[in-house]
Amino acid sequence: MKTKQAKKTALRILSNNWGQAMVVVLVLIIIHVIFTTAETNIYYMLKSNGLVSSQDFKLLSHNKYIILVSIVRYLLEFVLITPAYMGSVWWFLHCVRGQNNSVQTMFVCYSNFNIFVKSLALKLCISLIKLVAFLPVCICAFLQYRLINYALIHGFNNGIFILLSACCGLFSLCLLCFYIIFILRYALVDYIFVLNPDLNVLDIIKASTKKMKNNKALVVKLPLSFLCWIPSALLVFPLIFLLPYYAMSFTVMINSIIVDDFTSKRELLLGREAASLS
């Protein structure tokens, strides 16, 4: 399916579902805002009690309280938001496939313990794979940073040093491109999980990798087509409409790739379970 066709189809589907789509997106945003606000308030409380200082608030802080709060925040957010995110994928995919749907569909992962745990396991596995794959980029970028920093301190301006820094930067950029191409193979995992939660995590990852072999360009073109919307996205109100539009367009594109290969009886059972919640 072409990008333009996917976006047109998304608008047609959203014509009767804008309200619910915005609610689904807003729920995820609100949950994230709640965690961010709570973390900020805890930091303010720690600062008021003299346990942290303004100098501790930096990217790589060594303050044990900041590290502990950050770890707890991200763990709780991961456990609570991941099933909700999977539920939002569930909702958008149901819309694309013309199935009975409601906002409560996004909470279906909380109603089944096995699906809840598997959604966390899948997201954790994919996150770890992406993290390990990103390490070479980080190492190379850090090396470039150290070279530049060392040059500024010691005043090295010779051509060899500049060439080394430039080579590190170019190599980092190449590694980043390879990283993006690599992680595209996992673009379908959430959708395959929604269509067939009975599959184990490894089978879901293998199925996504197989399906994405000849479809990477399609998945890349769609986000690029939304770049022109970035200026308007800086304003909060247009963003509320843009995010559902993008999510629905992406789901339409993914659905055209997956087709019906992973539809199962389990999907129908879970669809009825989600409908019963409404």
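Modeller: What follows describes the pocket, then its rings, and then some other parts for context.

This is a predicted model, in which local features need pLDDT of at least 70 and side-chain atom pairs count only at pLDDT 80 or more, while totals for chains, interfaces and linings use all residues. Residues are numbered from 1 along each chain as its sequence is written, and side-chain values use heavy atoms, with hydrogens and water left out.

The chain has 11 helices and zero strands; helices (H or I, at least four residues) and strands (E, at least two) are DSSP runs, numbered from the N terminus. Of its 278 residues, 40% count as buried. Buried means under 20% relative accessible area, exposed over 50%, and partly exposed in between, with a 1.4 Å probe and protein chains only.

Now the pocket. On a 1 Å grid over the protein atoms alone, a pocket is an open set of points where a 1.4 Å probe fits, with protein on both sides within 12 Å along at least five of seven lines; lining residues have an atom within 4 Å of a point. A volume is the space filled by probe spheres set on the points, and grid points are joined across faces, edges and corners. The largest pocket has a volume of about 640 Å³. Its lining holds 23 residues, and Y85, Y191, Y246, A247 and F250 lie nearest the centre. At least two lining residues come from each of α2 (18-48), α3 (64-96), α6 (189-195), α8 (216-225) and α10 (236-258). By type, the lining has 20 nonpolar residues, two polar and one charged. Here Ala, Val, Leu, Ile, Met, Phe, Trp, Tyr, Cys and Pro count as nonpolar, Asp, Glu, Lys and Arg as charged, and the others, Gly among them, as polar.

The second largest pocket holds about 210 Å³ of space. It is lined by 13 residues, with I126, K130, I183, Y186 and A187 closest to its centre. Helix α4 (113-154) gives the largest share of this lining, five residues. The lining of the second largest pocket divides into nine nonpolar residues, one polar and three charged.

Rings come next. Rings of Phe, Tyr and Trp (its six-membered ring) pair if their centres lie within 6.5 Å; planes under 30 degrees apart count as stacked, over 60 as edge-to-face and the rest as tilted. The whole structure has 11 aromatic pairs. One of them joins F182 and Y186 edge-to-face, at 5.7 Å centre to centre and 80° between the planes.

Y246 counts as partly exposed because its relative accessibility is 29%, whereas F250 is buried at 15%. Both belong to a cluster that ring pairs link together, made up of Y191, F226, Y245, Y246 and F250. Y191, Y246 and F250 are also among the residues nearest the centre of the largest pocket.
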